[in-house]
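Keep the view open beside you and take the points one at a time.

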Amino acid sequence: MKKWILGICSGLIITVGGGFILHHVTQPEPTTPVKREPIIPPSSKEKEKKEEPSKCSGTWKWNASTQRCEKQIVIPAKTFTIPLDEKISKVGGRIDFYMNRERLPGMDSQGKAMYRYPQGVLQVVVPVMKGNRMVGSLYEVIYRVKDGYFCEVKGLPETTGWFKKMQVAYSVRLDTDCNKSNSKCQVRLVDSGSRIHITTKSMRAVITQKRCL
């Protein structure tokens, strides 16, 4: 009886063990998935950046930091004579610089400033003040380019706040900013204070093929 039971147990052990071995042998080895980096085609912007330098022809040069075609020009010195409505003993007022736009004299029916937006112009507007009253003014385009837009005039202080809202790019004060050794303007009274002479020194400007402001 014991032999019969031992025989049955041995058969079960061999059967179970053989099935486990067979299952282990026939089961395929797990494979480690290969990680593939996605192939991302270059975007249209990247293509444009790569192709852009070839578009800078003639005197235009590619600026890698700003990603645009640029060139620099020299704006020659300019002298203005402004007659005044009444004599003054001290110069007051400003020189406002407008890029790619012109400030028109006067105001519209709602009391707002009026502008034109021609391409590539640099205009100065000079209000001469006596206290809080304007006693003289000048509106003049001092330089014009036909193949681009003004982007920067070097050496001039950029405007902030209210002047920026009035679309003034740069502004210098006649009484405190001019007549210095490193200033971009010279001003003096003539004809016993009934006129002023203003000279803007030569300046270097950056021109771009497309509007940058």
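1. Let's begin at Thr208, which is part of strand β13 (residues 203-208) in what is a predicted model. Thr208 has a relative accessible area of 1%, so it is buried. Its side chain reaches the backbone oxygen of Lys210 at 2.6 Å. Setting aside residues up to four places away in sequence, Thr208 touches Trp60, Arg68, Cys69, Glu70, Gly148, Tyr149 and Cys151.

2. The charged end of Lys71 sits over the ring of Trp60, 4.7 Å from the ring centre.

3. How many disulfides does the structure hold? There are 3. With the bonded cysteines numbered in sequence order, they pair as 1-2, 3-6 and 4-5.

4. Cys56 lies in the loop between α2 (44-51) and β1 (61-63), while Cys69 lies in strand β2 (residues 68-75), so the bond ties together parts that are 13 residues apart in sequence. Both cysteines are buried.

5. Cys151 belongs to strand β9 (residues 149-153) and Cys212 to the segment after β13, so parts that are 61 residues apart in sequence are tied together. Cys151 counts as buried at 12% relative accessibility, whereas Cys212 counts as partly exposed at 25%.

6. Cys178 and Cys185 form a disulfide with their sulfur atoms 2.0 Å apart. This link is left-handed, with -105° about the S-S bond, and both Cys178 and Cys185 are buried.

7. Which residues have the most contacts inside the largest nonpolar core? They are Ile95, Phe97, Phe150, Ile196 and Ile198, in a core of 36 residues. Strand β7 (residues 121-130) gives the largest share of this core, with 4 residues. Beyond its neighbours within four places in sequence, Ile95 is in contact with a list of residues including Val124, Val126, Leu174, Ile198 and the bonded cysteines Cys178 and Cys185. A second, separate core of 6 residues includes Tyr98, Ala113, Val125 and Met166.

8. The aromatic pairs come to 4. In one of them, Tyr115 and Tyr117 have ring centres 6.3 Å apart and planes at 40°, so the pair is tilted. Tyr115 is buried at 18% relative accessibility, while Tyr117 is partly exposed at 46%. Trp162 and Phe163 make an edge-to-face pair, 5.2 Å centre to centre with 75° between the planes. Trp162 is exposed, at 54%, and Phe163 is partly exposed, at 26%. Ring pairs also link Tyr98, Tyr115 and Tyr117 into a cluster.

9. Finally, please look at His197, in strand β12 (residues 195-200). His197 counts as partly exposed, at 22% relative accessibility. Although His197 and Thr81 are 116 residues apart along the chain, their C-alpha atoms are separated by 4.7 Å. The side chains of His197 and Thr81 are joined by a polar contact of 2.7 Å.

Notes: Residues are numbered from 1 along each chain as its sequence is written. This is a predicted model: local features need pLDDT of at least 70, side-chain atom pairs count only at pLDDT 80 or more; totals for chains, interfaces and linings use all residues. Side-chain values use heavy atoms; hydrogens and water are left out. Helices (H or I, at least four residues) and strands (E, at least two) are DSSP runs, numbered from the N terminus. Buried means under 20% relative accessible area, exposed over 50%, partly exposed in between (1.4 Å probe, protein chains only). A polar contact is a pair of N or O atoms within 3.5 Å; within protein, one must be able to donate a hydrogen and the other to accept it, and residues adjacent in sequence count only if both atoms are side-chain atoms. Contact means heavy atoms within 4.5 Å. Rings of Phe, Tyr and Trp (its six-membered ring) pair if their centres lie within 6.5 Å; planes under 30 degrees apart count as stacked, over 60 as edge-to-face and the rest as tilted. A charge sits over a ring if NZ of Lys or CZ of Arg is within 6 Å of the ring centre and within 35 degrees of the ring normal. A nonpolar core is a set of buried Ala, Val, Leu, Ile, Met, Phe, Trp, Tyr and Cys residues joined through side-chain atoms within 4.5 Å. A disulfide is a pair of cysteine sulfur atoms within 2.5 Å.
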